[in-house]
Each structure stands twice: as C-alpha cells, then as structure tokens.
Amino acid sequence: MFAFFRPAAHRAQLPDERIDSTYRRLRWQIFAGIFFGYAGYYLLRKNFSLAMPYLIEEQGYTRGQLGLAISAIAIAYGLSKFLMGLVSDRSNPRFFLPFGLLISAAVMFVFGFAHWATSSVTIMFVLLFINGWAQGMGWPPSGRTMVHWWSQKERGGVVSVWNVAHNVGGGLIGPLFLLGLGWTNDWHAAFYVPAAVAVLVAVFAFAAMRDTPQSVGLPPVEQYRNDYPEGYDESHEQEFSAKQIFVQYVLRNKMLWYIALANVFVYLLRYGVLDWAPTYLKEAKHFSVDTTSWAYFFYEWAGIPGTLLCGWMSDKIFRGNRGLTGIVFMALVTVATLVYWLNPPGNPTIDMVALFSIGFLIYGPVMLVGLQALELAPKKAAGTAAGFTGLFGYLGGSVAASAAMGYTVDHFGWDGGFVMLVAACLLAIAFLLPTLRHTKVASSSREALA
C-alpha cells in the first residue's frame, strides 16, 4: 500500500565544488517545506473547536457529546504518530507529509459541505478519528528530514525553530475563520477555509521537500559538517527493516522509555493548563470572558520565544544535554504553576504573568522530548522513535488532561486539580533524571541499548 512512498534512490555524488552551495540552498528550501507543511497540519487540528458553539446552539448538542467527539483526534493522533512513524521511516517524506495533509483537508471539506457530517456524535467521532490519524503523518516525516539534513551540533536550534510551526499554524485558525465568516456569513467556514489553505500548503511542501541528501547527489550531513556522532559508521546510512526499527531501536531502548514516560507528564501539564484555563480563570479567579480569551491566546503564543530560547540553551549553554535543559525548564514550570494556583483572586496581572510563564516554559520540554527521541535512535529509525514518545504524550498525558483533570476537579476542587498538575511536573523531572548521563546521540545500537 505504501510502496508509492518508498525512499528515493541514491544518486551519483555531485562534484566537490557544487556540494556546499547545493547543501546550503536545499537546506533552506527543505526547512521551508517542513515548517510550513507542519504549520498546515495545525490549521486543521483545532478548528472543530471553533464550530462547537454553533453545533450547540443550532443542533442541540451538549458539551459532553462534543467533548466525546473531539477526543477522537487525540486518541487517533497518539496511535498514528507512532504507527505512521514506523511507516515514515521506510518512506519518502516528500510524498508522505503532503499526503497526510491532503487527507486531513479532505475531512474538513466534508465537514464544511456535507450536512450529514454533523448529524450525529458517531459520525463526527469517526470523521475526527480519520482526521486525527492523518494528523499523525506530519511529525514523523519532519523528524526524519531534520536528522538527515542537519547534524547533531546544530539540530537543537533547527528543531526549536521548526517546532514553533504548530504555534504559527494554530494561531492562524482564528483569523482564517473570521475572514471566511466575513466572506460567506457561514460558520462552516471554520472547516473549509483552513482546508483550502492547507491544500495550497501541501502543494508547496511537495515542491520544496526532498528525501535524503544522498537522493540528490550529496554526501551524508555528518560528512558535510564533519560532525560525526559517537559510534557512527557507514551502516547508519542503510535502511532498516520495520522489525529492526521497532524491536531493536525502540522497544529495547531504555532511554527512549524514560523520555516517553516523562512526556506523559509534560503533556498532562501542557494540556491540563491549556484546556482548563478559561474555566479555571472564570470560576476560581473571576475573569471575564474577554480576559480569559486573551489569557488563552497568550499562553499559546508565549511558546514561540520560549521554544526558541530552550533550543538555543540546549545547544549553547547545556552543550547538547537535552535532559538537563528539560529539567531546568520543568523546575521553572513548577514554580510558575504554583504561583498560578496559589495567587489569591483579585490579582489578575499576576495570574496572567504566571499563565504566560507556563506557556513560555512548557513548550521547550515538549520540543526537547521530540528532539531527544530523534537523537536516541539511529536516524533511519527517527520517525518511529519520535512517534513512540508522542504515543505516550497523547494517549497518556493529553487524555488524562481532559478526563482525569475534570474528574479530579469535580471531586476535589481546583486545589485537587493543581496538586495533580504539580505532581506531573515533579514526575516529568524524575523521568528525565536518568537521561542526564546521556549527552551524545544514540547513533549505534550499542549506545542506544546501553
């Protein structure tokens, strides 16, 4: 079925005098492809939420029913990010990433133009599950691309810049919806306007992206940058079987298990704060609707400078020690979460600063877990490794952030909810601690399995 996506064949190497200029040009071009390509995925990730008020008002759905429907995205995405990661490691990202984006856009067009698409919770759940599965086809090919085109010493900065694509894409959903609503006076524009833009993005990504350097006549990036990770040899340019990738480089990789478990609690904090911020600020801190909306916006966009700073620090200050960088940021997140919780009502400025600080700090560890996953496995297994940590983050952390957090607050109040969030911070740090001794790229099976 996926033979169409098979990796591109190696070409004869270009003359030496053309290698540097070609590498420089293609790296800018390819980065643009994966950056805007992945931002395009986020145009279609959360736009269903914009339609929910209209579905409640016009079609009589309850918030619980729509919450059940939208949970399909997180469930499918967590599974797909892992399973599609396994497929992506055996595929050409130039085809793989745009294809997933087109599937996601097709689902949104169905929501936008087919009235039956919102006629029942079951139909919405199925369509959103398909969308979530397609969404899982964005991260793995991007990760595969980055480990093939950028070496370890420069990868922290590159991944951190790329990682803000989801903030960029997610932030454009609202303006696109308002633009479409103004043109059509139809709330279904929340679906089909972002989908139309995503189709254009998919075309651009296909035009800009390439497979490996060897597929365009260039040497491996380790040779080009003279940046060889420990244990590197020619075998690391060979494609692995799916069994080798899954068993040898993922299931038996102890360090990957540690960061996957850490990711559960990083995501629990990330979405536990993000998803419940409007409700918490309204109920516990007595914010107005307008103010809670701005607080939500600041939380999301604060992640852009925070992620960039975290990537720079992990490369320049902590010298590639992703675990130590993550621990420092999670310790600061813990402090900001305590302030957000314990600040008495009537001090909105402190609440806003605390929420901004959490958003600024939490997206760095989110990015670092993905980066560590790329570096804890050979680059031919990078997509699967990243998908493995994503599986834990979404099926464990994201689902718990909605279900467990809501249940805890219902029974123990907001104090109980924040005890859970602070515990998540501490557990994330605990699972990152074993990775402190691991500062190099796990480029060989011996190191990865150590």
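Trainee: Arginine 144 and aspartate 211, buried or exposed?
Mentor: Both arginine 144 and aspartate 211 are buried. Buried is under 20% relative accessible area, exposed is over 50%, and partly exposed is in between, with a 1.4 Å probe and protein chains only. This is a predicted model, where local features need pLDDT of at least 70, side-chain atom pairs count only at pLDDT 80 or more, and totals for chains, interfaces and linings use all residues. Residues are numbered from 1 along each chain as its sequence is written, and side-chain values use heavy atoms, with hydrogens and water left out.

Trainee: What do arginine 144 and aspartate 211 form?
Mentor: A salt bridge, with the closest N and O atoms 3.4 Å apart. The term means a side-chain nitrogen of Lys or Arg within 4 Å of a carboxyl oxygen of Asp or Glu.

Trainee: Where do the two partners lie?
Mentor: Arginine 144 is in helix H6 (residues 139–149), and aspartate 211 is in the loop between helix H9 (189–208) and helix H10 (221–225), so the pair ties together parts 67 residues apart in sequence. Helices (H or I, at least four residues) and strands (E, at least two) are DSSP runs, numbered from the N terminus.

Trainee: How many salt bridges in the structure?
Mentor: Six. One joins arginine 322 to aspartate 315, with 2.8 Å between the closest N and O atoms. Arginine 322 is buried at 2% relative accessible area. Aspartate 315 counts as buried too, at 16%. There is also a network: Arg27, Glu154 and Arg225 are joined by salt bridges that share partners.

Trainee: And which residue does arginine 24 meet?
Mentor: Aspartate 20, in a salt bridge of 2.9 Å, N to O. Both lie in helix H1, four residues apart, about one turn of the helix. Arginine 24 counts as exposed because its relative accessibility is 52%. Aspartate 20 is at 36%, so it counts as partly exposed.

Trainee: Switching to pockets. What lines the second largest pocket?
Mentor: Arg24, Arg27, Trp28, Phe31, Trp150, Val158, Val161 and Tyr224. Helix H1 (16–42) and helix H7 (152–163) are the elements that give two or more residues to that lining. H1 gives the most, with four.

Trainee: How much space lies in there?
Mentor: About 260 Å³. On a 1 Å grid over the protein atoms alone, a pocket is an open set of points where a 1.4 Å probe fits, with protein on both sides within 12 Å along at least five of seven lines; lining residues have an atom within 4 Å of a point. The volume is the space filled by probe spheres set on the points, which are joined across faces, edges and corners.

Trainee: How about aromatic pairs, how many?
Mentor: The structure holds 34. Rings of Phe, Tyr and Trp (its six-membered ring) pair if their centres lie within 6.5 Å; planes under 30 degrees apart are stacked, over 60 edge-to-face, the rest tilted. Take phenylalanine 48 and phenylalanine 191: the centres are 6.2 Å apart and the planes at 45 degrees, so the pair is tilted. This pair links distant parts of the chain, with phenylalanine 48 in helix H2 (residues 47–59) and phenylalanine 191 in helix H9, 143 residues apart.

Trainee: Phenylalanine 48, buried or exposed?
Mentor: Buried, with a relative accessible area of 1%. Phenylalanine 191 is buried as well, at 0%.

Trainee: Which residues do ring pairs link into a cluster?
Mentor: Phe31, Phe35, Phe36, Trp150 and Phe204.
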